[in-house]
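Biologist: I am new to this structure and would like to learn how to read its features. Could we go through them one at a time?

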Amino acid sequence: MKILLTSLVLCISAVTGLVSIPQKAIADEPLPFDLNAEKTTAHAFATQTLASYTQANYSSGNWSDMLACKASADSIIDTAVDMIAIQLARSDIVSCMTAVNPDLVLIKENASTTIVTAYTTRTSENFTPENYTLLTTYRDEGLAGIVAAQNQSEVDSVRAITVNQLISVPAIPVELSLSATSSQISLTDQNKSVSITVPSDVVDPLIDVSAFITAGTGTLPQLSINAVNLGGVVISFASSTSVTSSDIAWNGVMHAPTPVSITLPATAGQIKTLISAFEIGVSGTQLTFNRAVRILIPGQAGKRTGFVTGGEDFKEVTTGCVADDQISANALAADAECKLDVGADLVIWTKHFTSFATYTQAAVQFAPSRRSSSGGGGGGYTSTLRRTTATTTNATIISRVLGAESYRFTTYLRYGMTDAAVKELQDKLRLQGFFTYPTSTGYFGSVTLSAVKAFQASRNLPTSGYVGPVTVAELNK
């Protein structure tokens, strides 16, 4: 319309000489665009739109319809003479492909294959009999759920839940330990669950996972790190956790939890007191995970916690976790974290590694003090700044040993769990001399596993480390 009006003005001016053309009319003309470049971009959009669909979810006839949608859009783009036609082609391909229904039968077959594959990669020799039975139960329930699903959304939900359940079942860990003379461990078997202990005399503990890393990314085995050097901090990775480094040249070696020094940022009117700080991962390089990693810090319930960001700034963790379990934590956004108290301990679930710290924070208090007066001026008060500094020590948890004798176990317990019943188990085993860890944490880690096995051996039970019905019956005697 603007072009037509301008042409009309030109004609009137030429005939009558009465109308002049303002310079702004020329400046307001639409800027020219590169039609060929726009066509190239539109073709790329059509290709990407088709690629966003999974061919295996469609019958051959329906997939032919999808290809026809793209071919039609490409043809419109090729013959387009303006941006309006190109935009219509982009819109048409989206609506055209959305209208083609996937084959629910094929979707179910693909989801079932995913579940079976996740199950078969977990071999029976790597699990206690009870846990392998649990794996089989999860598989069977997932496959039944796929059959019962009424649409693709339900299928996708069942598949995701089942896979998460399968990877959350802990395998029997291979027990490894670093030492002052051997401070690096290399992991090479992706199907083996590994529990690594870092003694207090190890200065620079390292874990080499290069066997699983290509171009800065890879998939880790199920892994637990018990950092005795940090008072019992425990780091737990779920099976099949993918790790990605911000540096594609990363060699696959990462620090196990190592004490570091962190300067807490100042906050007006507040005093902060650092309790503990440690680094895990790679200095100067960010490691991120597709599944959340659990960090348990003994005796730090109720304390504040935070981490050093990539820009070397300190950020407090303020988001509370929905629950202390892998499936809930996996729902965290990329690079996110949350925290919660578990008994006397502080638990952080995180999808990134960096330096973490725990600390207290208290308001600066002002206390009045009397001032002297001279002459007849009378008495008065002046405000003196009095800082209240917190005295912090690593908390020592005193177990409820009296209740341990009378407590009756009603649930089955396994490696990797965090539960109040696990704390009762630790108290019970401590009284009988099997559990020697300084505190009862409520976390079923490698120390608890060894204690359970010792208890089972003393009762002539299979030393599986799983607290099932037979072991529960013995504990309740």
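This is a predicted model: local features need pLDDT of at least 70, side-chain atom pairs count only at pLDDT 80 or more; totals for chains, interfaces and linings use all residues.

Biologist: To which residue is Cys-96 joined by a disulfide?

Modeller: First the general idea. A disulfide is a covalent bond between the sulfur atoms of two cysteines. In this case the partner of Cys-96 is Cys-69, with 1.9 Å from S to S. Cys-69 has 4% relative accessibility and therefore counts as buried, whereas Cys-96 is partly exposed.

Biologist: Which parts of the chain does the pair of Cys-69 and Cys-96 tie together?

Modeller: Cys-69 sits in helix α4 (residues 60-79) and Cys-96 in helix α5 (residues 83-98), so the link ties together parts 27 residues apart in sequence.

Biologist: Is the link of Cys-69 and Cys-96 left-handed or right-handed?

Modeller: Look at the angle about the S-S bond. For Cys-69 and Cys-96 it is -70 degrees, and the link is left-handed.

Biologist: How many disulfides does the structure hold?

Modeller: There are 2 disulfides. The other pair to look at is Cys-321 and Cys-338, whose sulfur atoms are 2.0 Å apart. The torsion about their S-S bond is about 100 degrees, so this disulfide is right-handed. Cys-321 lies in the loop between β14 (314-316) and α9 (326-330), while Cys-338 belongs to strand β15 (residues 337-342); the pair therefore ties together parts 17 residues apart in sequence. Both Cys-321 and Cys-338 are buried.

Biologist: What is the pairing when the bonded cysteines are numbered in sequence order?

Modeller: The pairing reads 1-2, 3-4.

Biologist: Now the cavities. How many of 30 Å³ or more are there?

Modeller: A cavity is a space where a probe fits but cannot get out. By that rule the count is 2 cavities of 30 Å³ or more. The largest cavity holds about 150 Å³ of space. Its lining has 16 residues, and those closest to the centre are Val-234, Tyr-437, Tyr-443, Gly-445 and Val-447.

Biologist: Which element gives the most to the lining of the largest cavity?

Modeller: Helix α12 does, with 3 residues. Both β7 (223-227) and α12 (446-458) supply at least two residues of that lining. By residue class, the lining of the largest cavity has 7 nonpolar residues, 9 polar and no charged.

Biologist: What about the second largest cavity: how much space lies in it?

Modeller: The second largest cavity has about 70 Å³ of space. Of its 13 lining residues, Thr-128, Asn-131, Tyr-415, Leu-449 and Ser-464 are the closest to its centre. This lining divides into 7 nonpolar, 4 polar and 2 charged residues.

Biologist: Last, the whole chain. How many helices and strands does the protein have?

Modeller: The secondary structure comes to 13 helices and 19 strands. Of the protein's 477 residues, 42% count as buried. Contacts can also be read by sequence distance: among those between residues at least 6 apart, 63% join residues at least 24 apart. The accessible surface is about 24100 Å², and 56% of that belongs to carbon and sulfur atoms.

Definitions and conventions
Residues are numbered from 1 along each chain as its sequence is written. Side-chain values use heavy atoms; hydrogens and water are left out. On a 1 Å grid over the protein atoms alone, a cavity is a set of points where a 1.4 Å probe fits but cannot get out, and a pocket is an open set with protein on both sides within 12 Å along at least five of seven lines; lining residues have an atom within 4 Å of a point. Grid points are joined across faces, edges and corners, and a volume is the space filled by probe spheres set on the points. Helices (H or I, at least four residues) and strands (E, at least two) are DSSP runs, numbered from the N terminus. Ala, Val, Leu, Ile, Met, Phe, Trp, Tyr, Cys and Pro count as nonpolar, Asp, Glu, Lys and Arg as charged, and the others, Gly among them, as polar. A disulfide is a pair of cysteine sulfur atoms within 2.5 Å. Buried means under 20% relative accessible area, exposed over 50%, partly exposed in between (1.4 Å probe, protein chains only). Contact means heavy atoms within 4.5 Å. Accessible areas come from the Shrake-Rupley method with a 1.4 Å probe; for residues, only the protein chains shown count as cover.
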